[in-house]
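Let's take a walk through this one together. Have the sequence and the 3D view open, and we'll go piece by piece.

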Amino acid sequence: MSPFVIGVDLGGTKVEACLLDAGRTVLTRCRTASEPAAGLDRVCANIHKVVDEAAAGRTFAVVGIGTPGTYLPERDALFGSPHTPVYETPGFIGRLRREFGVPLVVDNDANCLAVAEYFASCSGKYRYVLAVILGTGFGTGLILDGKLYRGVAGAAGEIGHCTVDFEGRLCECGRRGCAEAYLSGLSHTRRYAEITGETLGVRDIYARMLEGDKKAADLFEESCRIMGEVFANAVNAFDLEAIILGGGVSNLDIWYERVPHYMEDSLFGPPRPKIPILKAALGDSAGVAGAAYLALRETGNMNF
């Protein structure tokens, strides 16, 4: 068996691949646009492009892939990927498996982030952890008692689609009031446009806030309050020790300055140590590393 594995992180805007050895050393890493709007053939071609570049001519034993949504092998389909519905095409994963010609292990992208960040910064310190991808959506993964918790169908931890207002904003998933409908990057753009008539990215809105824009400041304060309530609900439900924020919108300082206040005000139960909200230690490489860890688990070199 080859000592190498491939990890693939498939997102709504980019696809990334890395090559790891049995000791978890990242040997190569590359990315390109995923282009879901161009159709499934283009997506598959882009996946193979980054895998071939990452492998650089070396054979590999297993591929692990992190995707939006939840994969059901008996249906050979992904479910719960509202931002990239083309990924829900039946047979998509089976096609990749046949084309790779090696075992392909699939899990939710937030679960991949949770696994990678757990081993990077929490193992030996925290055993009950919520990991959050804050970007195009609001994805979450759970580590409970040091193990990835997937639930019955692999869909556990979808806290971004728990409601904060059952008559609230319409979410991409079709429900109303989901946390994602308020806290994702796209949701900040929409909410600010509704207030001001201007369409700006979340980082530009944050820059406006820092420059003294009251409407931007009010929007972010509301987001911090909602996020604090969402995290408190998760702590109350799972008795967590730490929360990790990753993804493209996770690097805004306000989350770490304001959210803990709102979260702590809404905790229930016994006195507990202060629950840290941590920045992802691996940055934007967490998802692809976690996907590769799926492959290393398949080869018997990791256990989670």
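**A guided tour**

Start with one side chain: Phe92 is buried, as its relative accessible area is 1% (buried means under 20%, exposed over 50% and partly exposed in between, with a 1.4 Å probe and protein chains only). Before going on, keep in mind that this is a predicted model, where local features need pLDDT of at least 70, side-chain atom pairs count only at pLDDT 80 or more, and totals for chains, interfaces and linings use all residues. Residues are numbered from 1 along each chain as its sequence is written, and side-chain values use heavy atoms, with hydrogens and water left out.

What does Phe92 pair with? Its partner is Tyr87, and the two rings are stacked, with 6.0 Å from centre to centre and 25° between the planes. Here, rings of Phe, Tyr and Trp (its six-membered ring) pair if their centres lie within 6.5 Å; planes under 30 degrees apart count as stacked, over 60 as edge-to-face and the rest as tilted. Tyr87 counts as buried too, at 0% relative accessibility. A search of the whole structure turns up six aromatic pairs.

Now for the sheet. Five strands make an open sheet, in the order β3-β2-β1-β4-β7, with mixed pairing. Strands (E, at least two residues) and helices (H or I, at least four) are DSSP runs numbered from the N terminus, and two strands pair if DSSP finds at least two bridges between them. At the edges sit β3 (26–33) and β7 (104–108), each of which pairs on one side only. From one strand to the next, the twist averages 15°.

Zoom in on β2. Strand β1 (residues 5–10) and strand β2 (residues 14–20) pair in the antiparallel sense over six bridges, and a hairpin joins β1 to β2 through three residues. Along this pairing, Asp9 stands opposite Glu16 in β2, while Val5 stands opposite Leu20. On to the next neighbour: β2 and β3 are also antiparallel, over seven bridges, and Glu16 faces Arg31 in β3. These two strands form a hairpin with five residues between them, and Arg24 in the turn has a positive phi of about 75°.

How many residues of β2 are buried? Seven of its seven residues are, so the strand is mostly covered. Both faces are covered: Lys14, Glu16, Cys18 and Leu20 are buried on one side, and Val15, Ala17 and Leu19 on the other.

Strand β2 pairs with β1 over six bridges. Helix α1 (residues 40–55) packs on the sheet and touches β1, β2 and β3, its direction making about 30° with that of β2. Helix α3 (residues 109–122) packs on the sheet as well, touching β1, β4 (63–67) and β7, and its direction makes about 95° with that of β7. Touching, or contact, means heavy atoms within 4.5 Å; axes are lines fitted to C-alpha atoms, for helices over the stretch in contact, and angles run from 0 to 180 degrees between N-to-C directions.

Helix α3 has another partner. The axes of α3 and α9 come within 7 Å and cross at roughly 90°, so the two helices are roughly perpendicular to each other (angles of 65 to 115 degrees get that label, under 35 is roughly parallel, over 145 roughly antiparallel and the rest oblique). Among the residues that meet here are Cys112 and Phe119 in α3, and Ala286 and Tyr293 in α9.

Tyr293 is buried at 8% relative accessibility, whereas Phe119 is partly exposed at 24%. Ring pairs link Tyr118, Phe119, Tyr293 and Phe304 into a cluster. Arg24, from the hairpin turn, lies over the face of Tyr293, at 5.5 Å from the ring centre; that takes NZ of Lys or CZ of Arg within 6 Å of the centre and within 35 degrees of the ring normal.

Staying in helix α9, find Leu296, which is buried with a relative accessible area of 1%. Leaving aside residues up to four places away in sequence, Leu296 touches Val5, Leu20, Asp21, Ala22, Arg24, Asn301 and Met302. Leu296 and Ala61 are 235 residues apart in sequence, yet 9.2 Å apart in space, C-alpha to C-alpha.
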